[in-house]
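I opened the notebook to look up a few side-chain features.

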Amino acid sequence: KFRIFPAGTYFELLNLCLTDFSHYNVDIACHLCETCGPMLYRSSEHAVRMGNLLDILWRMKSVKNLEPRHNDLVETAYFSSRPSNARKHKKRGPVREYARQRLYAELTRSNYEWTLSQLRKLPWNEVDFEEYMIRKILKVERFRFGSLNLISQLLSGIAKHRQSFGVTLIDSLLESIRTGLEVVDSRNSQRRMAEIRLLGEFCNVQYIDARVVFETLYLLITFGHHEYALSIDPSSTDCDPPGDFFRIRLVCELLHTCAPHFRSGVQSKRLHV
């Protein structure tokens with residue numbers, strides 16, 4: 001990978017192992033394929049040669065009477081080097097590619113104004129462009145968690161000139177939070193936490209009303225806990241299993257994010273209630 005060991009020597013070693021494909025040579029060949037195979041197979045310079053050697057490796061598995069352990073090693077080495085479900089690179093237009101790059105780029109105080117001006121210049125009136133941007137923004141886990149405050153300012157700055165964009169974005173964010181409560185999946189934990197943080201930051205920059213935050217807090221605490229079901233069995237809800245405390249983390253994160261906004265005034269009294 002770092003060009004310290006020449007690829008030609010690697011192919012010679014793999015060829016020697018395939019010539020006498022038995023005993024320890026099987027282990028060595030499979031180990032070589034697992035460690036360097038994926039990189040060489042994706043390299044335009046060595047893809048054809050690596051593909052031919054992988055074909056030979058697979059034929060050897062059928063021809064030779066290998067042990068079950070060696071059969072498993074060959075299959076693992078082959079499919080790790082040549083995955084059957086390789087991801088295809090999405091083709092995007094230059095404008096959308098630039099918009100995506102600006103959106104996910106590292107945002108700081110120094111480049112905030114420039115980034116905002118660049119995003120405002122994008123063709124928001126084009127068909128499906130606004131929907132495309134909202135889809136990318138809702139992949140909140142791709143943003144830096146510490147920069148969500150600047151992200152909220154950036155998006156509210158765009159929404160001042162694109163009212164429909166702001167309304168659709170907040171509606172979609174709230175819908176995504178509710179969907180996370182309905183479908184409990186630990187793989188989405190990072191996204192759910194980032195969504196709650198972004199919602200709190202929108203409140204801090206006064207883009208959404210505090211009422212939205214209180215309604216979300218109420219939803220996080222009570223969703224799925226129906227009075228009738230709880231009267232029969234307190235642990236009967238599937239949306240909030242007894243051993244899952246992730247909702248508590250979401251509530252705490254939202255309160256922690258909005259704490260500066262609720263320190264005084266009417267909202268502080270409402271929060272205590």
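My entries follow, by topic.

**Model.** I am working from a predicted model.

**Surface patch.** I looked for nonpolar side chains grouped on the surface. I found a patch of about 320 Å², made by Phe-5, Leu-13 and Leu-16. I then took up Leu-16. I placed Leu-16 in helix H1, which spans residues 7-19. Is Leu-16 buried or exposed? I noted Leu-16 as exposed, because its relative accessibility is 59%, and the cut-off for exposed is over 50%.

**Aromatic pairs.** How many aromatic pairs does the structure hold? I have eight in my notes. I looked up Tyr-10 with Phe-11, which form an edge-to-face pair. Their centres are 5.5 Å apart, with 70° between the planes. I checked the cover on both rings. Tyr-10 counts as buried because its relative accessibility is 3%. Phe-11 is at 1%, so I wrote down buried here too. I went on to Trp-124 and Phe-129, another edge-to-face pair. I noted 5.3 Å from centre to centre and 85° between the planes. I have both Trp-124 and Phe-129 down as buried.

**Ring cluster and charges.** I also traced a cluster in which ring pairs link Trp-58, Tyr-78 and Phe-79. Which residue lies over the face of Trp-58? I found Lys-61 there, 5.0 Å from the ring centre. Arg-96 lies over the face of Tyr-132, and I noted 4.8 Å to the ring centre.

**Cysteines.** I searched the whole structure for disulfides and got zero. I put Cys-36 down as partly exposed, because its relative accessibility is 28%. I then turned to Cys-203, which is in no disulfide. The nearest cysteine sulfur belongs to Cys-258, and I noted 4.5 Å for that distance. The cut-off for a disulfide is within 2.5 Å.

Definitions and conventions: Residues are numbered from 1 along each chain as its sequence is written. This is a predicted model: local features need pLDDT of at least 70, side-chain atom pairs count only at pLDDT 80 or more; totals for chains, interfaces and linings use all residues. Side-chain values use heavy atoms; hydrogens and water are left out. Patches are made of residues with over 30% relative accessible area and no salt bridge: like charges are joined within 9 Å, nonpolar side chains (Val, Leu, Ile, Met, Phe, Trp, Tyr) within 5 Å. Accessible areas come from the Shrake-Rupley method with a 1.4 Å probe; for residues, only the protein chains shown count as cover. A salt bridge is a side-chain nitrogen of Lys or Arg within 4 Å of a carboxyl oxygen of Asp or Glu. Helices (H or I, at least four residues) and strands (E, at least two) are DSSP runs, numbered from the N terminus. Buried means under 20% relative accessible area, exposed over 50%, partly exposed in between (1.4 Å probe, protein chains only). Rings of Phe, Tyr and Trp (its six-membered ring) pair if their centres lie within 6.5 Å; planes under 30 degrees apart count as stacked, over 60 as edge-to-face and the rest as tilted. A charge sits over a ring if NZ of Lys or CZ of Arg is within 6 Å of the ring centre and within 35 degrees of the ring normal.
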